[in-house]
Structure formats: C-alpha cells, structure tokens
Amino acid sequence: MLQSRARTGLAGRSKLRLAAPVLLVAALAACTPSLYGWTVRTSSTPTFGSFSPWTLEREPVAIFEAHAPGGLRGNELGLAGYLAEVLKTVAPDFKVVSPQETASRINKGGLAQEYARMRTDYEQTNILEASTLRKLGEAAKARYAFQPRLGAFTQMMTNRWTPWDLRIIQTRSSVLRLSLQLWDTHTGEPVWSSTAEAILSSEAVLQDPVYLEDAARVALGSTVADFLRGRTSSTYTPLNKAIDSLVRPPKAEEKQD
C-alpha cells in the first residue's frame, strides 16, 4: 500500500515538473507579440501607353469602394480605406481622393443610382462602363480611379502542441486573393491592373486570427509596389520592410485587453 502511494506521489510530482515548463512557455508566449510570416505573389500588367505612375502626382485619383462576389460580400468592406492608407504611406505625393470623399462627391452629384448600376454591371463584365465612369470622374474631380476587388479569403487554424489536451500553440493562417485596377475616367480605358495572392501565418497562443486587414495591407502594398516599380510579376516577403511595416501594430489598449 505504502509503495503504491509512493509511486502515485512520484508520478504526480513528475507531471507537475513537466507541467511547469509547459505553463511557463505559455505565459511567455502570451507576453510576446505574434509575428506574421507572409508571402505575396503578384501578376501585374504594364501601364497603358505612355502613362507613368507619377502622373498621379499631378492628376487626382479617386478610390471606388471594393467589389466582392456573393459568397464573400461584406468582407470587402474596408479594402478601399486600406488602399488609401497604403498610398498615403508609400506614395504620399499622389493626389488621392479618399473613398469617403469620392462617395460624398458622387452622392452630391446625384449619381448614386448610376454608380450602383455600373457596379452591378462590373460584377458580370469586369468593365466600368465608359459614359458613367466619365460622369463619376467629373463628380469626384478625379481623372483616374482605383477599383479594388476581393477574390477570395479563408482563415485556418492548426493545433501544434497539445499535451494532456492542453492547447499551447496554434498555427493560424489566412489566404487572400484580390485585384486592383486603375481606370482613366475620361477615356474609359483600363490603365493598369494587378492581382495578388497573400498567404499569412502566425504561431499564436492567444485566440487572435490572422486578420483580413493585415492580409489586405500586405497584398495591396505589393500591388502598389509593382505599380510604382513597373514590375509585372513579383514575390514579396517580410524582407521587404516597407511592405511589412504596413501591417497595423496593435494599440496599447488592445494589448491590455
């Protein structure tokens, strides 16, 4: 009996000794910010004719609200705003008309219904109808317009270390595909377009996913980098510090929560 109790006590102490470093790792990981590993692959067209990206330092460019297919509708909200912030960071001299100001000018011009019809047709044709586009450009006071479009977004989670059914570390990842087009509102011509696929992953102890916002920022940053550098096919990773810095760090109050 005494030997049995001794063995039981020894086994219990062994489990405690093993559990201690596990809990320590968990506590340390909880205090450490989760870092993304990410890769973005882009495929972009050359700019049309003699157009130069630096034209946008002279000619205003509006940002239309993003599109998304039926199954993803709602996820596209915010993409236009992220694009405006990316452009402000990497091309601060561009004359960008923000999505909010673009919508306000279109609405004040009495063109909301025509804008809605053009967006509906764009879902089917991937073309912004020329006569309506010209009216919208005049209302927005912008010669050019960026049109973002969400193609796909998924979030995944994989448990990696689960001793005694205690979840310690998970791999959280997201895959996002989007496209970005630049249109000439005067002529109705597509000036440039790009598609990007972003894969982000994070080793995390907390419950936070890899957010769509962060995936969108690196994807949009990569397409804009192609635009500015005249590239037609690229792969971007965190080694590109300018794009990596576009991921919004958590605020102090968010860390406390």
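Predicted model: local features only at pLDDT ≥ 70, side-chain atom pairs only at ≥ 80, totals over all residues.
**Entry 1: a starting question**

Which helix gives the largest share of the lining of the largest cavity? Residues are numbered from 1 along each chain as its sequence is written, and side-chain values use heavy atoms, with hydrogens and water left out.

**Entry 2: the whole chain**

I found eight helices and seven strands in the protein chain; these are DSSP runs numbered from the N terminus, with helices being H or I of at least four residues and strands E of at least two. Of its 257 residues, 40% count as buried (under 20% relative accessible area, with exposed over 50% and partly exposed in between, using a 1.4 Å probe and protein chains only). I also looked at contacts, meaning heavy atoms within 4.5 Å. Among those between residues at least 6 apart in sequence, 76% join residues at least 24 apart.

**Entry 3: the cores**

Next I looked up nonpolar cores, which are sets of buried Ala, Val, Leu, Ile, Met, Phe, Trp, Tyr and Cys residues joined through side-chain atoms within 4.5 Å. The largest one has 45 residues, and Leu 83, Phe 146 and Phe 227 are among those with the most contacts inside it. Elements giving two or more residues to this core include β1 (36-44), α2 (79-90) and β4 (144-161). Helix α6 provides the largest share of this core, nine residues. A second, separate core holds 16 residues, including Met 118 and Leu 133.

I then followed Phe 146. Leaving aside neighbours within four places in sequence, its contacts include Leu 56, Ile 63, Leu 182 and Trp 192. Phe 146 also belongs to one aromatic cluster with Phe 51, Tyr 144, Trp 192 and Phe 227.

**Entry 4: aromatic pairs**

How many aromatic pairs does the structure hold? I found six, where rings of Phe, Tyr and Trp (its six-membered ring) pair if their centres lie within 6.5 Å, and planes under 30 degrees apart count as stacked, over 60 as edge-to-face and the rest as tilted. Trp 54 and Phe 94 make an edge-to-face pair, 6.1 Å centre to centre with 65° between the planes. Trp 54 sits in the loop between β1 and β2 and Phe 94 in the loop between α2 and β3 (96-97), 40 residues apart. Trp 54 is partly exposed at 42% relative accessibility, whereas Phe 94 is buried at 7%.

Phe 64 and Tyr 115 have ring centres 5.6 Å apart and planes at 55°, so I list this pair as tilted. Phe 64 lies in the loop between β2 and α2 and Tyr 115 in helix α4 (residues 112-125), so the pair ties together parts 51 residues apart in sequence. Both Phe 64 and Tyr 115 are buried.

**Entry 5: the cavity**

Back to my opening question. I searched the whole structure and found one cavity of 30 Å³ or more. On a 1 Å grid over the protein atoms alone, a cavity is a set of points where a 1.4 Å probe fits but cannot get out, and lining residues have an atom within 4 Å of a point. The largest cavity has a volume of about 30 Å³, the space filled by probe spheres set on the points. Its lining includes Phe 64 and Tyr 115, along with Pro 99 and Ile 106. Helix α3 (residues 99-108) gives the largest share of that lining, four residues.

Note on methods
1 Å grid on protein atoms, 1.4 Å probe; cavity = no way out; pocket = protein on both sides within 12 Å on 5 of 7 lines; lining within 4 Å.
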